Amino acid sequence: MLFPHTTSRRLAFRPASTAHHADLIRTMLRTGIENVSPTGRAGNRDLSKCDAAFLVTRRGSGDLLGFSTLHGLDAAGHIKSGVYLDPERARLGVGSEAIYLTINYAFAMFPIDRVIAQTTEATFGSVGLNSQDGSATAVLRDYLYFRGRHWDLHTYQLDRAEWEQHVDGDLDDVLGPGRSWRTDPNRPQAAA
């Protein structure tokens, strides 16, 4: 059984609301993840229509680093995820940590079989990807026009069975010492 962790070694997720909409749009414009236009796909931008929306903050200081969303839950058992971190504020691999928390939250809280994410090569460095790694399930060439150029849109998916293997592998250090994805985060930690 998976539990919905909202904190990791360096991050804490806090509930986001429609009051954070302007901050979300500013963050998305700085990320290079996607074009923000009035006619574009608005499901992940309207925080009131998200299935879950979080402020991604630095644990301890509470500094806002960006946003995490889960949206588009469908009857086929799929949900889309988005992690939008301000590249000037989010450094040293916190992007991967935010993605892990988001994916785990999706599988722990929703009756889904697959999490789907889309991004451009503008964010690859922050999450340890490159355009040659071949892990994308689909690539739409020159799909977005942003920052004066065309960007390929890369689609990734992760199935529940794959995630279950990951959490039983090397991901426990993301949560910190003595914590597990399969342990209730609200249960007091055992003394070391």
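Reader: What percentage of the 192 residues in the protein chain is buried?

Author: Keep in mind that this is a predicted model. Buried residues account for 42% of the 192 residues in the protein chain. The accessible surface comes to about 10,000 Å², and carbon and sulfur atoms hold 51% of that.

Reader: Which elements does the protein chain have, and in what order do they run?

Author: There are five helices and seven strands. Reading from the N terminus, you get β-α-β-β-β-α-β-α-β-β-α-α.

Reader: Of the contacts between residues at least 6 apart in sequence, what share joins residues at least 24 apart?

Author: That share is 64% in the protein chain.

Reader: Now the rings. How many aromatic pairs does the structure hold?

Author: Four. As for the general idea, a pair of aromatic rings is described by two things, the distance of the centres and the angle of the planes. Take F13 and F54 here: their centres are 5.2 Å apart with 35° between the planes, and the pair is tilted. F13 sits in strand β1 (residues 11–15) and F54 in strand β2 (residues 52–58), so to speak a link between distant parts of the chain, 41 residues apart.

Reader: Are F13 and F54 buried or exposed?

Author: F13 is buried, and F54 is too.

Reader: Why is the pair of F54 and Y105 edge-to-face?

Author: Look at the angle. The planes of F54 and Y105 stand at 80°, with the ring centres 4.9 Å apart, so this pair counts as edge-to-face. The cut-off for that label is an angle over 60 degrees. Because F54 belongs to strand β2 and Y105 to helix α2 (residues 94–109), the pair ties together parts 51 residues apart in sequence. F54 and Y105 are both buried.

Reader: Which residues do the ring pairs link into a cluster?

Author: F13, F54 and Y105. You can trace it from strand β1 to strand β2 with the F13 and F54 pair, then on to helix α2 with Y105.

Reader: Let's turn to strand pairing. In what sense do β6 and β7 pair, and over how many bridges?

Author: Strand β6 (residues 138–146) and strand β7 (residues 149–159) are antiparallel partners, with six bridges. For one example, follow Y145 across to its bridge partner in β7, H150.

Reader: And what do β6 and β7 form, with how many residues between them?

Author: A hairpin, with two residues between the strands. While you're in the turn, check R147: its phi is positive, about 55°.

Note on methods: Residues are numbered from 1 along each chain as its sequence is written. This is a predicted model: local features need pLDDT of at least 70, side-chain atom pairs count only at pLDDT 80 or more; totals for chains, interfaces and linings use all residues. Side-chain values use heavy atoms; hydrogens and water are left out. Helices (H or I, at least four residues) and strands (E, at least two) are DSSP runs, numbered from the N terminus. Buried means under 20% relative accessible area, exposed over 50%, partly exposed in between (1.4 Å probe, protein chains only). Contact means heavy atoms within 4.5 Å. Accessible areas come from the Shrake-Rupley method with a 1.4 Å probe; for residues, only the protein chains shown count as cover. Rings of Phe, Tyr and Trp (its six-membered ring) pair if their centres lie within 6.5 Å; planes under 30 degrees apart count as stacked, over 60 as edge-to-face and the rest as tilted. Two strands pair if DSSP finds at least two bridges between them.
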